Every structure is written in C-alpha cells, then in structure tokens.
Amino acid sequence: MASLRASFPWPLEKVAASALAMAPAVWLAWLAYDGGLGARPVTEAIRFSGDWALRLFWVVLLIGPARRILGLPRLIRARRILGVGVFGLAFLHFGLYAFDQGFDWLQVARETVLRIYLSVGAIALIGLAALAATSSDRAVAWLGGGRWNLLHRAIYVLAALSAVHFLLRSRTDTFEPMLMLGLLAWLIGYRLIHKLTGEVTTRALFGLAVAGGVLTAVAEVTWHAAATGVDPLRILAAHLDVSYGLRPAWWVLIAGLAAAVAGWRFRLVPQRPAARMTSSNAA
C-alpha cells in the first residue's frame, strides 16, 4: 500500500475524490453522445445533473462522521474536491435550465421568483458558490478561522434547502427526497452530539438511528397526508408494511444501524480538535 501511495503525485484520497467528482458529468456527456437521454434530452440532463449534485453533496456531508466512525482521518482530504464537484454539478444544472429557456435571463429570473422550488434552489446555488469560492488556504487566511468556520457551517442549511428544492420539484415521487431529508436529520443529530460531548458513542449511534428513522417516517406521513387528505394513520400503516417495499424511514434506520455497528467495530477513534482550520476541511 505504501508503494502504491508513493506512485501517485496526489494522495489516493484526492485521486479517488477527483474521479468521483467528475464521474457524473462524464456519464452525462456519454449519455448525450450515445442518445441515452430520451426524447427530451435537455430536460433529462437537467434532472440528471441536479440529482447527482445532491447525491454528491450528501457524500460530502458523510465524510465527517465516516472518518471518525471508521477511524479513517485521511478521508478529510477528499472533502474539498468533492465539495467543489458539488458546486460544479449544481452550476451545470442551472446552466442547462438557462439553456432550456433559450438563455432568456428575464424569463429565467421571472420563473425563479414565481416558482418556490426554483427560488429555494437559487438560494442554495448562491450559497454553494460562496463555499466553493472560499475553499482554499488563501480564503481561510483572508477571512480568518472564525469567520471561515461561521460561513462553512451554513453547509447544513444549504443541504436542507437543496433537499426541499428536490422535494418540491418531485411532488409525486418523494422517495429519494425523503430519504435525503432523513439522512440529513441523522447527520445534523450526529454533529450536535459530537459538538456537545466531543465524541459519539456506539449507544448514541443506535439511538440516533432510531430517531432518524422515526423523524423520516413522520415527515413522509405528514407530507402525504397534507397532499392527499388521507388519514395519516392509514398512510403510516402502508409505509410500515414491508410487503410494499422499504420506505425511506426503513432505509434511514438501516443506514443508522450500520453506522452504529461500524462504530462498535472500530471503537470510534477520537478526533483531536485542530489548532487551525485549513482548506482541506472546506466543503
């Protein structure tokens, strides 16, 4: 492994992160070339780029817990590259939408103001641009550690806005948006526990898994009950019936339990606080 690492000019974590960050755009380019985007290629490309921007965003958020739970501190090296990749895909998503509107910026602005999901998405894109622009050592030195940290803590707010944008855009198919919201609830819970206690024990991870699953179920039932007017208890019963397939709440629970088992297995390697925030911690 040491010889393999020595053969690369970059750390392997950065090489893997670069490949992962570029993979969705390369895949989209291939689909466009091969005619794999269907009868409405621009619309499909808009959807594709937006979906993968969100998925990559959640990978960025998972790096912090994963490096502690698995005892892999080197994972932090991948976060800045993946974060810039998230902004790149989000900007591509917006650019394709503008292309679909014939680059009529007045029309784009009008639609953004009139449609709530577009307004939410625009705010999230502006926030991601600010994080991407300050993801360097020079930005840390210019802003100062305190202000840099304050700015980059907004990543969870931007994630929530992105998930809401996804949910409002996908009113009839809420599986993935609800899954993302549930995982985000788990991530925020993990961050709060770690901030308050300094570490997240295996017992806390098990509790967090249950809480994340419950919150996801409540959110999904509430959303569908408000949209359809059906009795929430009937919706809940249908969601708990695994014969219809596993709903997002079950997957959030399973993911949380997997994290708890991994935490028990790897004994949650404690992380020492850094004396100075560097660009490697940027999202």
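Q: What makes a run of residues a helix here?
A: Helices are DSSP runs of H or I with at least four residues, strands are runs of E with at least two, and both are numbered from the N terminus. W223 is found in one such run, helix α11.

Q: What kind of model is this, and which pLDDT do local features need?
A: This is a predicted model: local features need pLDDT of at least 70, side-chain atom pairs count only at pLDDT 80 or more, and totals for chains, interfaces and linings use all residues. Residues are numbered from 1 along each chain as its sequence is written, and side-chain values use heavy atoms, with hydrogens and water left out.

Q: Why does W223 count as partly exposed?
A: Buried means under 20% relative accessible area, exposed means over 50%, and partly exposed lies in between (1.4 Å probe, protein chains only). W223 has 22% relative accessibility, so it counts as partly exposed.

Q: Which residues is W223 in contact with, leaving aside its neighbours within four places in sequence?
A: Contact means heavy atoms within 4.5 Å. W223 is in contact with L167, L168, R171, T174 and M178. W223 and T174 are 49 residues apart along the chain, and their C-alpha atoms are separated by 9.2 Å.

Q: Why is α11 called roughly antiparallel to α13?
A: Axes are lines fitted to C-alpha atoms, for helices over the stretch in contact, and angles run from 0 to 180 degrees between N-to-C directions. Under 35 degrees is roughly parallel, over 145 roughly antiparallel, 65 to 115 roughly perpendicular, and the rest oblique. The axes of α11 (residues 202-228) and α13 (residues 248-266) cross at roughly 170° and come within 8 Å. Therefore α11 is roughly antiparallel to α13.

Q: How do the residues of this contact of α11 with α13 divide?
A: Ala, Val, Leu, Ile, Met, Phe, Trp, Tyr, Cys and Pro count as nonpolar, Asp, Glu, Lys and Arg as charged, and the others, Gly among them, as polar. The contact of α11 with α13 has 14 nonpolar, six polar and one charged.

Q: What makes the phi of F103 worth a look?
A: Most residues other than glycine have a negative phi. Phi of F103 is near 55°, a positive value in a residue other than glycine. F103 lies in the loop between α4 and α5. With 43% relative accessibility, F103 counts as partly exposed.

Q: Is I193 buried, partly exposed or exposed?
A: I193 has 25% relative accessibility, so it counts as partly exposed. I193 has its place in helix α10 (residues 175-197). Leaving aside neighbours within four places in sequence, its contacts are G198, E199, V200, A204 and L208. I193 and A204 are eleven residues apart in sequence and 8.2 Å apart in space, C-alpha to C-alpha.

Q: Where is R47 found?
A: R47 is found in helix α3. At 33% relative accessibility, R47 counts as partly exposed.
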